[in-house]
Amino acid sequence: MNTKVEKYIGKITLQNTVDITDPVYNKTVWCRLNGVPVISGDYNVYITKSNEGEFGQRISELKIISNQLPFTLTCQHCGEEFKTHNQYSKFCSDKCRKRHRIETAACEYCGKNLYKNGIEINSENYRAVFCSDECREKYKWKTVEENGLIGTCQHCGKRFIMHDSSAKFCSKDVLILRVTTQYFSII
């Protein structure tokens, strides 16, 4: 069982840039980030400890969070001003982010706004959404065609979606018909 515990460990003051790495790496290792720009100031430091099974209790995460809220931004959904540590934030809250996603969702095929057309999506498990069965079907065929998954039935000549790259027939019924026909014509 992987249990995680976050713990406050103190404050740190940062100036202009920091190096980000695991402490065991030297300056030239590929996964080290050197000279990353930061806003100068005081930061709270947190660690997260987790049980990593056979490796035991480990520090799995280090968070350094600014004490200042230097950015005042405007929420793209409600228009209210809010303060944040992240200069790229677009929304003042999860509620506004979810609402914005619902109200701006568009049909994956034709691009029509779903909310304005009376279709409301679930913002938690948002996947491809369509304004009609016709758009869903067109999108499906477009996608499988782009991925080379359309075959032509060797029995009736109908185009079909191949769920297996070796598929030769458009349905199980046609496969059975074909095999039965071949078998009885041999006898």
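The structure holds 7 salt bridges, a salt bridge being a side-chain nitrogen of Lys or Arg within 4 Å of a carboxyl oxygen of Asp or Glu. Side chains of opposite charge can pair when their charged atoms come close. This is a predicted model, in which local features need pLDDT of at least 70, side-chain atom pairs count only at pLDDT 80 or more, and totals for chains, interfaces and linings use all residues. Residues are numbered from 1 along each chain as its sequence is written, and side-chain values use heavy atoms, with hydrogens and water left out.

**Stop 1: pairs on helix H1**

Select Asp94 and Arg97. They form a salt bridge whose closest N and O atoms are 3.5 Å apart. Both residues lie in helix H1, 3 residues apart, which is about one turn of the helix. Helices (H or I, at least four residues) and strands (E, at least two) are DSSP runs, numbered from the N terminus. Arg97 is partly exposed, at a relative accessible area of 32%. Here buried means under 20% relative accessible area, exposed means over 50%, and partly exposed is in between (1.4 Å probe, protein chains only).

Next select Arg99 and Glu103. Their side chains meet in a salt bridge of 3.0 Å, N to O. How many residues apart are Arg99 and Glu103 in helix H1? They are 4 residues apart, so about one helical turn separates them. Arg99 is partly exposed, at 26%, and Glu103 is partly exposed as well, at 24%.

**Stop 2: a pair on helix H2**

Select Lys142 and Glu146. The salt bridge between their side chains is 3.9 Å, N to O. Both are in helix H2, 4 residues apart, again about one turn of the helix. Lys142 is partly exposed, with a relative accessible area of 40%, while Glu146 counts as exposed at 57%.

**Stop 3: the loop between the two helices**

Select Asn113. It sits in the loop between helix H1 (94–104) and helix H2 (133–146). Is Asn113 buried or exposed? Asn113 counts as buried, because its relative accessibility is 19%. A polar atom of the Asn113 side chain lies 2.9 Å from the backbone nitrogen of Tyr115. Leaving aside neighbours within four places in sequence, Asn113 is in contact (heavy atoms within 4.5 Å) with Glu103, Thr104, Ala105 and Ala106. Glu103 is the residue that meets Arg99 in a salt bridge at the first stop.

**Stop 4: the largest nonpolar core**

Select Ile102, Ala105, Cys107, Leu114, Ile121, Val129, Phe130, Cys131 and Cys135. These 9 residues make up the largest nonpolar core, that is, a set of buried Ala, Val, Leu, Ile, Met, Phe, Trp, Tyr and Cys residues joined through side-chain atoms within 4.5 Å. Another core, of 6 residues, lies apart from it, and Phe71, Leu73, Cys75 and Cys96 are among its members.

Now pick out Cys107. Which residues does Cys107 contact, leaving aside its neighbours within four places in sequence? They are Lys112, Leu114, Val129, Phe130, Cys131 and Cys135.

**Stop 5**

Select Pro70, in the loop between strand S5 (57–66) and strand S6 (71–74). Pro70 counts as partly exposed, at 39% relative accessibility. Not counting residues up to four places away in sequence, it touches Ile39 and Thr84. The C-alpha atoms of Pro70 and Thr84 are separated by 6.9 Å, although the two residues are 14 residues apart along the chain.

Rolling a probe the size of a water molecule over the atoms shows where empty space is left. Pro70 is one of the residues lining the second largest pocket, together with Leu14, Val18, Val38, Ile39, Tyr43, Ile64, Ile65, Ser66, Phe71, His85 and Gln87. The volume of this pocket is about 240 Å³. The largest share of its lining, 3 residues, comes from S5. A pocket is found on a 1 Å grid over the protein atoms alone, as an open set of points where a 1.4 Å probe fits, with protein on both sides within 12 Å along at least five of seven lines; lining residues have an atom within 4 Å of a point. Grid points are joined across faces, edges and corners, and the volume is the space filled by probe spheres set on the points.

**Stop 6**

Select Tyr88, in the loop between strand S7 (81–84) and H1. Tyr88 is exposed, at 63%. C-alpha to C-alpha, Tyr88 and Phe71 are 9.4 Å apart, and they are 17 residues apart in sequence.

Finish at Asn16, in the loop between strand S1 (4–14) and strand S2 (17–20). Asn16 has a positive phi of about 60° although it is not a glycine. Most residues other than glycine have a negative phi. Asn16 counts as exposed, at 51% relative accessibility.

Definitions and conventions:
Polar contact = N/O pair within 3.5 Å; in protein donor to acceptor, adjacent residues only side chain to side chain.
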